[in-house]
Amino acid sequence: MMKKRFLSLALIGALTASLLAGCGGSKSGEGSTAAEGSAEGGSVYYLNFKPEQDQQWQDLAKVYTEQTGVDVQVVTAASGQYENTLMSEMGKSEAPTLFQVNGPVGLANWKDYCYDLSGSDIYGHLTSDSFALKDGDAVSGIAYVVESYGLIVNKTLLEKAGYKVEDIQSYEDLKKIAEDITARSGELGFAAFTSSGMDGSSDWRFKTHLANLPIYYEYQADGISSTDAIKGTYLDNYRAMWDLYINNGTADPKELSQKTGDDSRNEFLENKAVFFQNGSWEYGNLVGEGKFTDDDLAMIPIYFGVDDANQGICTGTENFWCVNSQADEADIQATLDFINWCVTSEEGTKAMAEDMGFTIPFDTAQESSNLFVKQDAELTAAGKTPVAWNFSTMPSEQWKNDVGSALTAYAAAPSDDTWAAVKTAFVDNWATEYQLANQQ
């Protein structure tokens with residue numbers, strides 16, 4: 001593990017040195033503003049993090065090019081491969097001019113490549129400074145979307161099983177209903193949960209998004225927002241939820257290592273399961289001709305058995321745009337112009353709200369038509385507390401991968417011993433990876 005980390009840091013250092021040499025020094029933009037530059041002759045290369053919105057970004061880039069004549073290339077990394085793809089692409093002569101980090105941990109690896117956005121037009125449109133990712137006084141990244149995730153519900157199937165969404169107000173309610181559906185799955189013709197796939201296109205739902213819940217509640221209990229050593233106070237709740245998923249799903253738990261994100265989505269679309277853990281970004285894949293309508297769907301919290309009466313949907317962001325400070329000045333300005341157009345123009349804000357289903361944190365935003373976004377807002381208005389996205393404080397990708405491997409092994413052979421390996425990956429590896437990431 002340590003060798004991998006040293007190799008990663010060495011590669012980043014080598015890339016930094018080579019790109020600085022090729023560019024004649026850093027172009028961080030410190031002390032300047034975006035308005036001072038010129039985009040003449042510049043172009044944009046956006047390395048997109050979100051595969052589910054690839055086509056929408058391609059379409060929006062085409063509109064921008066038609067309007068301005070500025071070439072915008074969008075390349076989308078495969079699910080779960082963004083960091084590896086970014087590292088590879090940054091080593092090329094035509095590197096991305098626009099890329100993404102997931103928060104402070106991601107920024108630590110890439111801050112030398114982040115243009116200071118404090119003087120940019122887009123920064124002036126943020127609704128809150130909390131959506132700015134800072135390195136000292138520099139604005140290194142800007143959140144471009146706020147999203148929500150929870151349990152997506154097929155209301156029609158739930159009603160066929162004899163229940164309503166309103167019947168689910170706690171983990172115990174969810175457990176009772178899921179286990180009843182499993183007991184009657186032969187006659188009902190469907191399962192409670194879609195497959196909890198641990199293939200790389202799906203495992204982030206559990207090693208990151210579900211793993212956020214025990215982190216969130218530990219942070220809440222301890223009054224902190226990050227830690228160098230997680231205690232694992234709520235890992236029993238994590239186990240209970242994971243058991244619920246794998247014992248009441250469409251797939252044999254031993255087969256989960258091969259199950260993909262597409263498998264899970266397709267099972268839901270084919271009415272094979274009532275519940276599907278995913279987020280507001282999935283909305284566009286679930287509705288439309290031959291699919292569901294808003295009347296068929298709902299999103300509810302991932303009730304965790306800690307503070308169910310007050311728990312809302314998990315809401316936050318790990319999507320921060322960064323402009324490559326090592327790019328040519330014209331490309332930097334072209335990129336600044338492009339992202340500002342995306343969040344201020346009618347075409348851009350409409351595409352982000354309607355086509356992508358985004359809630360964007362800018363004063364120019366259009367209201368999203370996304371059902372799951374609306375339901376999140378309704379729960380918050382009713383006094384429920386949104387669960388913060390604390391997974392941006394997870395110490396490394398290696399930590400996530402270790403937790404994912406342990407979860408997969410546990411699913412294949414559940415026991416106290418295999419769960420002990422999950423605890424080790426969660427707690428011990430957190431401290432180890434944190435120390436590696438923060439070595440001076």
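This is a predicted model: local features need pLDDT of at least 70, side-chain atom pairs count only at pLDDT 80 or more; totals for chains, interfaces and linings use all residues.

Mentor: A polar contact is a pair of N or O atoms within 3.5 Å; within protein, one must be able to donate a hydrogen and the other to accept it. Threonine 260 caps the N-terminal end of α12, with a side-chain oxygen 3.3 Å from the backbone nitrogen of aspartate 262. The helix itself covers residues 261-269, and its buried residues are Gly261, Ser264, Arg265, Glu267 and Phe268. Viewed down the axis of α12, these buried residues fall within an arc of 160 degrees, so they line one face of the helix. An α-helix has 3.6 residues a turn, so residues three or four places apart point the same way. The partners of the buried residues of α12 are both helices and strands: they pack against α9 (204-210) and α13 (283-286), and also against β6 (147-154), β8 (273-279) and β9 (297-300). After α12 comes asparagine 271, which has a positive phi, near 60 degrees.

For context, consider also helix α11. This helix has 13 residues and reaches 18 Å from its first C-alpha to its last, close to the 18 Å expected at 1.5 Å a residue. Its buried residues include Leu235, Tyr238, Met241, Trp242 and Tyr245. Tyr238 and Trp242 have the most contacts inside the largest nonpolar core, which has 62 residues. Helix α11 gives the most to this core, with seven residues. Among the residues that tryptophan 242 touches are Phe206, Leu210, Leu256, Leu407 and Trp419. Another core, of 36 residues, lies apart from that one and includes Tyr115, Leu336, Trp341 and Phe362.

Technical notes: Residues are numbered from 1 along each chain as its sequence is written. Side-chain values use heavy atoms; hydrogens and water are left out. A nonpolar core is a set of buried Ala, Val, Leu, Ile, Met, Phe, Trp, Tyr and Cys residues joined through side-chain atoms within 4.5 Å. Buried means under 20% relative accessible area, exposed over 50%, partly exposed in between (1.4 Å probe, protein chains only). Helices (H or I, at least four residues) and strands (E, at least two) are DSSP runs, numbered from the N terminus. Contact means heavy atoms within 4.5 Å. The arc is that of the directions from the helix axis to the C-beta atoms. The expected span of a helix is 1.5 Å times one less than its number of residues.
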